[in-house]
Amino acid sequence: MTPAGRQRRETVRMQAAELFEQQVKPSEVARRLRVSVKSAYVWQQLWRDGGVQALASRGPNGSRCRLSPYCLERLAGFLEEGPAAHGWVEDQVWTASRVATLIGRKFHVSYSVSGATRLMHRLGFSPQVPARRVAERDEQAVKVWREATWAEVKGSGRPAGATSVSRTKPGSPAGRRGGGPGAGVG
């Protein structure tokens with residue numbers, strides 16, 4: 001969360017503290033400040049236990065970035081150079097796994113794949129989808145594969161109307177004799 005966002009949230013909590021001092025109930029605080037009732041009750045408890053200071057912002061949450069601003073700048077430069085410049089010559093695609101490996105090689109810091117993804121987003125990089133098909137694509141081979149292999153792999157599937165949409169109910173009452181469960185029994 002940005003510092004401005006933290007400040008906005010702290011301001012709302014401070015307004016809640018003022019209302020608690022005026023003996024306003026948490027449900028009314030929630031309505032006035034447009035927050036959840038649960039948050040208002042939590043804030044009231046914090047306010048009772050520790051006063052207004054208990055509702056103050058504690059600063060950014062989550063773990064700190066393990067790379068310094070200088071290292072982040074260098075990482076962005078490495079990413080701009082492309083994967084081939086760093087040993088991945090088979091294609092020009094930065095995957096999160098490759099970025100995590102690059103961070104480990106260059107900065108001796110271990111990042112998970114999801115951590116590398118978040119770091120790339122933070123640096124302004126986003127997932128990209130190729131705008132066009134690859135030049136090496138053989139349309140004739142694709143057509144032959146679809147006609148021969150895909151039909152074999154795909155299979156026929158389920159016959160239409162053989163099953164119910166519901167996983168728990170085997171069939172609809174309209175298809176049963178007697179109009180419903182237990183009809184015709186004893």
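At what angle do α5 and α6 pack, and how far apart are their axes? The angle is about 90 degrees and the axes lie 8 Å apart. An axis here is a line fitted to C-alpha atoms, for helices over the stretch in contact, and the angle, on a scale from 0 to 180 degrees, is taken between N-to-C directions. α5 is therefore roughly perpendicular to α6, a label given to angles of 65 to 115 degrees, while under 35 degrees counts as roughly parallel, over 145 as roughly antiparallel and the rest as oblique.

The model is a predicted one, in which local features need pLDDT of at least 70 and side-chain atom pairs count only at pLDDT 80 or more, whereas totals for chains, interfaces and linings use all residues. Residue numbers start from 1 along each chain as its sequence is written, and side-chain values use heavy atoms, with hydrogens and water left out.

The protein contains seven helices and zero strands, giving the pattern α-α-α-α-α-α-α along the sequence. Helices (H or I, at least four residues) and strands (E, at least two) are DSSP runs, numbered from the N terminus. The protein has 186 residues, and 23% of them count as buried; buried means under 20% relative accessible area, exposed over 50%, and partly exposed in between, with a 1.4 Å probe and protein chains only. The accessible surface comes to about 14300 Å², and carbon and sulfur atoms hold 52% of that area. These areas come from the Shrake-Rupley method with a 1.4 Å probe, and for residues only the protein chains shown count as cover. Among contacts in the protein with a separation of 6 or more, 41% join residues 24 or more positions apart, where contact means heavy atoms within 4.5 Å.

Helix α1 covers residues 3–21, and its axis is 10 Å from that of α2, at an angle of about 140 degrees. The two helices are therefore oblique to each other. From α1, the residues V12, Q15, A16, L19 and F20 take part in the contact, and from α2, P26, V29, R32 and L33. By class, this contact has seven nonpolar, one polar and one charged residues. Ala, Val, Leu, Ile, Met, Phe, Trp, Tyr, Cys and Pro count as nonpolar, Asp, Glu, Lys and Arg as charged, and the others, Gly among them, as polar. The crossing of α1 past α2 is right-handed, meaning that the near helix is turned clockwise from the far one by less than a right angle, with anticlockwise giving left-handed.

The loop between α1 and α2 contains K25, which is exposed at a relative accessible area of 60%.

Helix α2 spans residues 26–33 and helix α3 residues 37–50; their axes come within 8 Å and cross at roughly 120 degrees. This angle makes α2 oblique to α3. Here P26, S27, V29 and A30 of α2 meet V37, A40, Y41 and Q44 of α3. The contact of α2 with α3 has six nonpolar, two polar and no charged residues. α2 also passes α3 in a right-handed crossing.

Q44, in helix α3, is buried, with a relative accessible area of 12%. Apart from neighbours within four places in sequence, Q44 is in contact with F20 and P26. K25 and Q44 are 19 residues apart in sequence, and their C-alpha atoms are 9.0 Å apart.

Most residues other than glycine have a negative phi. R34, however, has a positive phi near 60 degrees. R34 sits in the loop between α2 and α3 and counts as exposed, at 78% relative accessibility. H108, also not a glycine, has a positive phi of about 55 degrees. H108 is exposed, with a relative accessible area of 70%.

The loop that holds H108 lies between α5 (96–107) and α6 (113–122), which leads back to the opening pair. The packing of α5 against α6, at about 90 degrees, involves A96, S97, V99, A100 and I103 of α5 together with V113, A116, T117, L119 and M120 of α6. By class, these residues divide into eight nonpolar, two polar and no charged.
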